[in-house]
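Subject: Handover of a structure and notes on its features

Dear colleague,

I am passing on to you the structure shown below. Please keep it open while you read the notes that come after it.

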Amino acid sequence: MSDFHQHGTIATLHNLSQRPLEDLETQLLEFSQSRKMGLILPSLYSEIGTNALDKIVSELARVEYLDTVVVGIDRASSDQFKHAVQFFKPLPQEVCLLWQDGPRLRELDTLLKDERLAPYQEGKGRNVWYCMGYLLSQARVDCVALHDCDIVTYSRELLARLLFPVANPIFSYAFCKGYYARTTQTKMNGRANRLLVTPLLRALEIVCGPSDYLKFLDSFRYALAGEFSMQLDVLKTLKIPSDWGLEIGLLSEMHRNYSSNRICQVDIANHYDHKHQDLGDEEAAHGLARMATDIAKALYRKLATQGEVFTQEKIRTIKATYYRVALDFVGMYHNDALINGLTYDRHSEEKTVELFAQNVMQAGWDFLEYPMAQPFVPAWNRVISAMPDILPRLAEAVAQDAEEFAA
């Protein structure tokens, strides 16, 4: 059961009363008369037809207050994209699909890359960025939510609770982050957040000193949650990483651009599970190891913009401090698991911490070795300034794909 504790510098909206979903949706339907709502779904083609996405589509088909659904389809051939169009066709909302690998969007991508204005890396960040641009081109909705397509425990209550803080005209929130407990009846999940993000934030504060930014990040109950909502205008100014640092990078942008009273987090699910990443290896080429390296780099980059100076010696100190703090957390989680009757593999958890410690070190070396790396995708405001016709061209490309593959 949730509690009412307010921790950190942002508002936390709890699930205190198990309010009936019908009440929430009735109120959201009222809000939709003056504030239209949209949803971004970044999806791999391989997720189409899975139990998770089948459940998501069937739940969204019952959402009356939602105006627009924008789906970014990655890694799809022309036949597969046509199948994706048919898959999402039953949705009653205005549905738009972006064929991320299609020739029309790739042509625009090439033009933007020539001007160093496009995402430099494939993945979720690139997918989300183009979906944001499309929503800006339509100016059809006032606020938008985003969630992943691999949530196996999905309920439309998740979307209702996620959109409520930015759709309610009485509230003044520009951005809302979802959170949830990453536990099952038998064990704890959420290794990257539990064993990397929280102990790394605490270690950075020990080594680098007190920081409003670090305190801000540490205020989020689940900083790596892929679910958030925001006012449409927020999309114009966001500079987001295109790698695994997307969620941390997005929070960093909100810290830079908005005061804390415009930001909140909300409890969106009693039970949450999704596709789990493999741990990966010491090369940090895939899985949670790759994620850990990208997340640590995102934190180093942000602190550097605030005047923090990193050296090889400081990186070693951060790694050592992180390792000690993370091991302390392992002890806490072990005890928490025992009192709740959960299984807890302490050896596996400590092995994960050892790998993450190497990733923290590698991220520091990468940061020091490639100081001119372009970490962020340019904000859409800058792209529009450089290419004033880019949004109409993006909208036209999406419309042409829809017309070609609608049959």
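This is a predicted model: local features need pLDDT of at least 70, side-chain atom pairs count only at pLDDT 80 or more; totals for chains, interfaces and linings use all residues.

The nonpolar core

Which residues touch the most other members of the largest nonpolar core? They are Leu60, Leu66, Ile73, Phe88, Leu159 and Tyr322, out of 145 residues in that core. Helix α11 (residues 312–339) supplies the largest share of this core, with 10 residues.

Aromatic pairs and a cluster

Across the whole structure, a search finds 18 aromatic pairs. In one of them, the ring centres of Tyr180 and Tyr222 are 5.3 Å apart and the planes meet at 45°, so this pair is tilted. Tyr180 belongs to strand β6 (residues 175–180), whereas Tyr222 is in the loop between α8 (212–218) and β7 (228–231); the pair thus links distant parts of the chain, 42 residues apart. Tyr180 and Tyr222 are both buried.

A further tilted pair is made by Tyr300 and Phe367, with 6.4 Å from centre to centre and 40° between the planes. Tyr300 is part of helix α10 (residues 287–305) and Phe367 is part of helix α12 (residues 346–369), so this pair ties together parts that are 67 residues apart in sequence. The relative accessibility of Tyr300 is 1%, and Tyr300 therefore counts as buried. Separately, one aromatic cluster is formed by Phe31, Phe164, Phe171 and Tyr173.

Charged residues over rings

Arg194 has its charged end over the ring of Tyr333, at 4.9 Å from the ring's centre. Lys314 lies over the face of Phe310, and here the distance to the ring centre is 6.0 Å.

Backbone positions with positive phi

Most residues other than glycine have a negative phi. Against that background, two residues are noted here. Gln18, which is not a glycine, has a positive phi near 50°. Its place is the loop between β1 and α1 (21–31). Is Gln18 buried, partly exposed or exposed? With 46% relative accessibility, Gln18 counts as partly exposed, because that class lies between 20% and 50%.

Ala139 also has a positive phi near 50° and is a residue other than glycine. Ala139 is found in the loop between α5 (124–138) and β5 (143–146). Its relative accessibility is 58%, so Ala139 counts as exposed.

With kind regards

Notes. Residues are numbered from 1 along each chain as its sequence is written. Side-chain values use heavy atoms; hydrogens and water are left out. A nonpolar core is a set of buried Ala, Val, Leu, Ile, Met, Phe, Trp, Tyr and Cys residues joined through side-chain atoms within 4.5 Å. Buried means under 20% relative accessible area, exposed over 50%, partly exposed in between (1.4 Å probe, protein chains only). Helices (H or I, at least four residues) and strands (E, at least two) are DSSP runs, numbered from the N terminus. Rings of Phe, Tyr and Trp (its six-membered ring) pair if their centres lie within 6.5 Å; planes under 30 degrees apart count as stacked, over 60 as edge-to-face and the rest as tilted. A charge sits over a ring if NZ of Lys or CZ of Arg is within 6 Å of the ring centre and within 35 degrees of the ring normal.
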